[in-house]
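Here is a short briefing to read alongside the sequence and the coordinates. Take a moment to look the structure over, and then we can go through it topic by topic.

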Amino acid sequence: QRREKQQAVVVIALPGIDLCSQDRAALNVVEEVFGGMDGRLFMRIREELGLAYYTGTTELTGLAGGMLIFYAGTRPDAAGRVEEELLSELSKFVAEGVSEEELERAKRVYSGKHSIAKQSHGARAHGRALNQLYGLGVDYNERLLAEVNGLNRQEVDAAAEKYLKSSSMVQVKVLP
């Protein structure tokens, strides 16, 4: 069944990391800086410019690599401009770096997500079992949280420089 869509989706994907990468904590912070309703993408593209219904970012981490994904849902006639703004925000982040306020917000958000993810016994057991299976150790999530909370601006900026400037970027626009 074919459905008529009224919305366009713009996606930018960059090569990411594998499960054992030393950059995992820093990229978690980068993801938090861009994501959420108080992140860079939402504030610029949706709130300031009024060009998107939603924005977001996600990091897919795999055994042999992963992806950083930045996306926005918009009107079809605004898809090109939204794509430009997504690219601009990535470039601006690399050029200017993370602010102290953004770093602290990202750490708080990540810590909150960590707390929520371990609320049930089942979720904790599942996470620990997977961490053990992948050779990370049962306490990996707690170590990663401590690493995130110990990051400084220079470490986050170095990861942004390394991953956000990739020549292997993929840009996709899905139009109705």
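**Surface patch, sheet and a buried helix residue**

Leu63, Leu130, Leu133 and Tyr134 together make a nonpolar surface patch of about 410 Å². Please keep in mind that this is a predicted model.

**The patch and its loop**

- One of the patch residues, Leu63, sits in the loop that links strand 2 (52-61) with strand 3 (66-74).
- Leu63 has a relative accessible area of 65% and is therefore classed as exposed, since the cut-off for that class is over 50%.

**The hairpin**

- Strand 2 and strand 3 form a hairpin, and four residues lie between them.
- In the turn, Gly65 has a positive phi of about 145°.
- Thr61 has Gly66 of strand 3 standing opposite.

**The sheet**

- In general, the strands of a sheet pair through backbone hydrogen bonds, in either a parallel or an antiparallel way.
- Here the sheet is open and has four strands in the order 2-3-1-4, with antiparallel pairing.
- The edges are taken by strand 2 and strand 4 (170-174); each has a single partner strand, so one side of each is left without a neighbour in the sheet.
- On average, neighbouring strands of this sheet are turned by 15° against each other, with direction ignored.
- Strand 1 (residues 8-15) and strand 3 run antiparallel, with eight bridges joining them.
- Val10 has Ala72 as its bridge partner in strand 3.
- Helix 2 (residues 40-48) packs on the sheet, where strand 2 and strand 3 are the strands it touches.
- The direction of helix 2 makes about 155° with that of strand 2.

**Ala79 in helix 3**

- Ala79 is part of helix 3, which covers residues 79-96.
- Is Ala79 buried or exposed? Ala79 counts as buried because its relative accessibility is 2%, and buried means under 20%.
- Which residues does Ala79 contact, leaving aside its neighbours within four places in sequence? They are Ala8, Val10, Thr74, Lys173 and Leu175.
- Val10, one of these contacts, is the residue that has Ala72 as its bridge partner in strand 3.
- Ala79 and Val9 are 70 residues apart in sequence, yet their C-alpha atoms are 7.3 Å apart in space.

Definitions and conventions:
Residues are numbered from 1 along each chain as its sequence is written. This is a predicted model: local features need pLDDT of at least 70, side-chain atom pairs count only at pLDDT 80 or more; totals for chains, interfaces and linings use all residues. Side-chain values use heavy atoms; hydrogens and water are left out. Patches are made of residues with over 30% relative accessible area and no salt bridge: like charges are joined within 9 Å, nonpolar side chains (Val, Leu, Ile, Met, Phe, Trp, Tyr) within 5 Å. Accessible areas come from the Shrake-Rupley method with a 1.4 Å probe; for residues, only the protein chains shown count as cover. A salt bridge is a side-chain nitrogen of Lys or Arg within 4 Å of a carboxyl oxygen of Asp or Glu. Helices (H or I, at least four residues) and strands (E, at least two) are DSSP runs, numbered from the N terminus. Buried means under 20% relative accessible area, exposed over 50%, partly exposed in between (1.4 Å probe, protein chains only). Two strands pair if DSSP finds at least two bridges between them. Axes are lines fitted to C-alpha atoms, for helices over the stretch in contact, and angles run from 0 to 180 degrees between N-to-C directions. Contact means heavy atoms within 4.5 Å.
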